[in-house]
Amino acid sequence: MRLVASDIDGTILGSDGRITPRTVRALHACEAAGVELVFVTGRPARWLTPLVDQLGHSGTVICSNGALVFDLETMSVVSAEAIRRDTLLEVRDIIRGLFPETAFAAETTAEFVMETAFAEPRHRALLDQVRHGDLAELVGEDEVVKFMAKIEGISAEEYLDGVAPHIAHLVAVTHSAVDMTMLEMAALGVNKAVTLAEYAHALGIRPEEVVAFGDMPNDVEMLSWAGEGYAMSSGHPLALAATVLHAPGLEDDGVAQVLERKLAEAPAGRMPDRAAG
């Protein structure tokens, strides 16, 4: 175990917005043992405060399902993979042709923008905080790292099955939202695993030296790529089906349990030494 890669929401972060003390201790213990730690999330860079405030993390975070790499120490974008503007608008038109009631929003490296209909009645206050209106007027040239499509009345799986065959040649598409039916799209070929693999390779770390944790469909590729990919037992069926390794659920500090065991089982002198390079 030279690198731990963990999703955030539903994996180490509960619905109450907290990371438990036990999980914090386990993650800190990995770093103290010389194990690299990287978080791999669907969240945008502007939503990483739990890592800073609760974990004191100042390292690299792979955001927006792999489309953005962010450095918490310098609070700056390391790299970004954007969807071409013409592709984004083509995808929008295709989805709207299939499901006319769809509403869209987009994350750029700098901000969140949305169609007015994207804000649910309970979130109308958002309209005073973000730019909203016609997506074609809100989005500049090739700057969107995460494109979102939302609908009501059907499940996320039904929505994905109805849309994916028509746009899979244009963008990567997945979903991870628990309380809404929303598709998340990135540039073609981009997902958590692709960017994590590039990050690990740059550090000279092989896939078999990576332990990864996740709980939703947007974690499937990462869990399959890592030498040890653990799906949370409290997670989505697709995540659980992606790997034979299942960690205890979030409510049972599953990530902490696995890391504690692996650290305890590591023979003396076998953990990597940062100072030794």
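Start with the largest pocket, where β9 (144–151) and β11 (181–187) each supply at least two residues of the lining. Here a pocket is an open set of points on a 1 Å grid over the protein atoms alone, reached by a 1.4 Å probe, with protein on both sides within 12 Å along at least five of seven lines; lining residues have an atom within 4 Å of a point. Strands are DSSP runs of E with at least two residues, and helices are runs of H or I with at least four. This is a predicted model: local features need pLDDT of at least 70 and side-chain atom pairs 80 or more, while totals for chains, interfaces and linings use all residues. Residues are numbered from 1 along each chain, and side-chain values use heavy atoms, without hydrogens or water.

The pocket has a volume of about 1100 Å³. Of its 38 lining residues, select Trp47, Ala177, Asp179, Met180 and Met182, the closest to its centre. β9 gives the most to the lining, with three residues.

Next, select α3 (85–98). Thr87, Leu88, Leu89, Val91, Arg92 and Ile95 are buried there, meaning under 20% relative accessible area with a 1.4 Å probe, protein chains only. The buried residues of α3 pack against elements including β6, β9 and β11.

Finish at Thr102, in the loop between α3 and β6 (103–108). Thr102 is buried, at 3% relative accessible area. Show its side chain with that of Tyr159: a polar contact of 2.7 Å joins them (N or O atoms within 3.5 Å, one able to donate a hydrogen and the other to accept it; residues adjacent in sequence count only if both atoms are side-chain atoms).

Key. Buried < 20%, exposed > 50% of the residue type's maximum accessible area, 1.4 Å probe, protein only. Points joined across faces, edges and corners; volume = space filled by probe spheres on them. Contact = heavy atoms within 4.5 Å.
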